[in-house]
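Student: Could you take me through one part of this model in detail? I would like to look closely at its charged side chains.

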Amino acid sequence: MSTEEHPIQIPNSTARPLELTDDFSPGETNFIKVDNFKFFYGKKEALHGINLEIPSRRVISFIGPSGCGKSTLLRNFNRMNELIPGVRHEGDITIHGTSIFDPSVEVIALRRRIGMVFQKSNPFPMSIYENIVYPLRIAGQGDRSVHDETVERCLCSAALWDEVKDRLHDSALGLSGGQMQRLCIARAIASSPEILLMDEPCSALDPIATAKVEELIIELKKDFTIVIVTHNMQQASRVSELTAFFYLGNLVEFDETRKIFTNPSKLQTEEYITGRFG
Amino acid sequence: MKPKPLHFFSSPKGETSFFRLLRNRFLTGLCIALSLLTLVPLISIVILVIRNGLPLLSMNLFSQLPPAPGLEGGGFGNAIMGTLVMVGISLLLAVPLGVFSAVYINEYAPVSPVSSAVRFVAKLLTGIPSIICGVFAFAAVVMTSHHFSAIAGGVALAILILPIILLTTEQALMGVSSAYREASFGVGATAFQTIWRIVLPDAMPAIMTGVMLAVSRAAGETAPVLFTALFSQNWITSVLEPTASLSVLIYNFASLPYAYHIKLAWSASLVLVTVVTMTNILAQLIFSPKHR
Ligand SMILES: Nc1ncnc2c1ncn2[C@@H]1O[C@H](COP(=O)(O)OP(=O)(O)OP(=O)(O)O)[C@@H](O)[C@H]1O
Ligand SMILES: [Mg+2]
C-alpha cells in the first residue's frame with residue numbers, strides 16, 4: 001500500500017507554546033526526514049519504503065501490532081541496527097538536512113546526538129554517578145566539575161535527583177525498576193542529544209513508575225525531539241502530539257494524535273485503535 | 001475454590017504410584033552409591049599424600065636446596081621457585097594471547113571464518129596430550145637455542161593453557177549481558193571503549209577463574225617441562241638455564257633408591273596438591289555469579 005504524504009499541521013492550540021531556540025528554524029517540520037526507507041534483515045524486508053517527516057521538539061509515538069517494524073525504524077535513526085550482521089537499507093534518513101548514512105557522518109557522533117532508551121532498563125553495573133558520567137568519559141570529558149554538574153542536571157531532568165542524591169556512589173543495580181529506567185533516561189540525555197528515542201520504555205514498569213516516566217517525557221519535549229514506541233494507546237494519547245501507525249512494515253497513517261485516536265482516515269488504523277486486530 | 005493439586009499431579013495412565021515411588025527410590029539410591037564410589041580414589045590419594053608427605057614437612061623444605069643423592073637434609077625451594085617462574089612465564093604468554101583472541105572472536109567477528117577456525121583449533125588443543133606441548137617446545141625452543149631453559153618450559157606450559165584461557169574467556173564474554181553492549185553503543189561508545197570499559201570489567205571474575213584453573217593445571221604438569229626445562233639442583237639464576245620444578249622433582253626423586261629423596265618426593269606432592277587445590281578453590285570463590 002502506498003503512504004500518502006500528510007502535510008503535518010502543527011496544532012497551534014497545544015497546551016504549551018513552543019519555545020524554539022536559534023538552533024532550529026521555528027516550526028521545523030522536517031527535522032527528521034525518512035525518505036522511501038527500506039530495511040532488510042538478510043533477505044527479509046522489514047520496512048517497505050517508509051516516508052515520514054518528524055518535526056522538532058515534539059513527542060511522536062509509533063504504534064502498531066507486534067512485528068510491524070516500529071523498533072526497526074526507531075533503531076535506524078541512530079544506526080543501532082547496523083550492529084546486526086547481514087542487514088542493509090535502501091532510501092535515506094536525514095536529520096536536520098544531513099543524511100545519517102553519509103560517509104562523512106561519524107556514527108559515534110550521531111549516537112551522541114541521539115539518546116536511546118531501551119525497553120528493558122539497562123544501567124551499567126556501576127554506580128549511579130558513573131552511569132551518567134559514562135557518555136562523558138567515552139567522549140574524552142574527564143573534568144570532575146563537569147561530571148558533577150552533568151550528573152545533577154541529568155538526574156534532575158529525569159526526576160530522580162531527590163531520590164538518589166544521597167547515594168550517588170551506590171550501585172545502580174540497587175535501584176527499583178522504575179528508578180533504573182529513569183536513570184537510563186538520565187544517561188541518555190547526558191551527552192546533550194537533540195533527539196530521544198524510546199522503545200517501549202514503560203513496558204516493564206508498574207503504573208506509578210509509568211506515570212512518572214510519562215510526566216518526564218512531557219517535560220523533556222521542551223528540549224528534545226522524542227520518538228516513543230508504545231503498545232499502550234492511552235500512553236500514546238497522553239504523551240504524544242503526533243502518532244504514526246505502522247502495519248506490516250508500512251506506515252499506514254501519520255497525523256496528530258488527537259485525529260488518529262478520534263477520527264483516523266484509514267480503516268486499518270481504526271481497527272487497530274479500537275482493538276479489532278493487533 | 002481450591003484447585004485439586006493431588007489430582008493434577010497424579011499419573012493420567014493410572015500407573016500405581018507405589019511402583020513409581022519404588023523405582024524412583026531405587027534410582028536415587030544407586031546414584032548416591034555410585035557417587036560415593038567415585039570419592040574413594042580421590043580421598044585415598046589425599047590421605048596417602050598427607051600421610052607420607054606430612055612427616056618431613058617443615059619450613060626448611062621451602063628454603064633449602066635438594067640434597068645430593070644419598071645424603072639427607074635439605075628441601076626443594078629451588079623447585080618451588082622454578083615452578084613459579086615457569087607458570088609465570090606461561091601466563092605472561094598465554095593470558096594476553098588468549099584474552100585478546102577471545103575478545104576478537106566473541107566481540108569483533110563472532111561469525112567470521114577466522115573465528116570459527118580459532119575456536120576449532122582451541123577446542124582441538126584442549127585435547128592434545130601435554131607431552132606433545134613438551135615435544136613442540138623442545139623442537140621450537142630447546143633445539144634452536146641449544147639450551148634447556150625455564151623459557152622453554154614456560155612456552156610448553158603456555159601452549160598447554162592457551163586453549164583453557166581462550167575458551168573460558170570466550171565463555172566469560174558470552175556471559176556479559178548484551179544489554180550492556182547495546183547501552184554503551186547507544187551513547188556513542190566505540191567497540192573498543194565498550195569492550196574495555198564495560199564488557200571486560202564485567203567478565204573479569206569469570207576470566208580470572210579461567211586463569212586460576214590454568215595456573216593449577218600448569219603447576220601440576222610434568223610432561224611439558226620434563227625435557228624442556230629439565231631439572232636443576234640449584235637455585236634459578238636465569239630463565240635461560242635448566243630449571244627445577246616440583247613436578248619433575250617428584251618424578252625424578254620418586255624413582256631414586258634413597259629413602260630421604262623418596263620422602264622429599266612425597267612432601268613435594270603434598271605441597272603441589274595443596275597449591276593446586278587452593279588455586280582451584282580460589283578460582284571458585286572469585287567467581288561469584290553476580291547480578292545478571
Ligand atoms: N535481528 C533481527 N533479525 C531478523 N529479523 C528481525 C530482527 N529484528 C526484527 N526482525 C523482524 O523485523 C520485523 C519488524 O520487527 P520489529 O522489531 O521492528 O517490530 P516491532 O514493531 O518493534 O514489534 P514489537 O512491537 O513486538 O516490538 C519483524 O518481522 C521481525 O521478525
Ligand atoms: Mg519493538
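Are A:E241 and A:R58 buried or exposed?

Tutor: Happy to! This is a predicted model, in which local features need pLDDT of at least 70 and side-chain atom pairs count only at pLDDT 80 or more, while totals for chains, interfaces and linings use all residues. Residues are numbered from 1 along each chain as its sequence is written, chains are lettered from A and ligands numbered from 1 in the order in which they are written, and side-chain values use heavy atoms, with hydrogens and water left out.

Now to your pair: A:E241 is buried, and A:R58 is buried too. Buried means under 20% relative accessible area, exposed means over 50%, and partly exposed lies in between (1.4 Å probe, protein chains only). With a relative accessible area of 12%, A:E241 falls in the buried class.

The two residues form a salt bridge, their closest N and O atoms being 3.5 Å apart. The term stands for a side-chain nitrogen of Lys or Arg within 4 Å of a carboxyl oxygen of Asp or Glu. This pair links distant parts of the chain, 183 residues apart: A:E241 is in the loop between helix 8 (233-239) and strand 9 (242-247) of chain A, and A:R58 is in the loop between strand 2 (44-54) and strand 3 (59-63) of chain A. Helices (H or I, at least four residues) and strands (E, at least two) are DSSP runs, numbered from the N terminus.

A:E241 also meets A:K221 in a salt bridge, at 3.2 Å from N to O. A:K221 lies in the loop between helix 7 and strand 8 (225-229) of chain A, so its pairing with A:E241, in the loop between helix 8 and strand 9 of chain A, ties together parts 20 residues apart in sequence. A:K221 counts as buried as well, at 12% relative accessibility.

A:E214 is buried, with a relative accessible area of 6%, whereas A:R238 counts as partly exposed at 46% relative accessibility. Over all chains, the structure holds 19 salt bridges.
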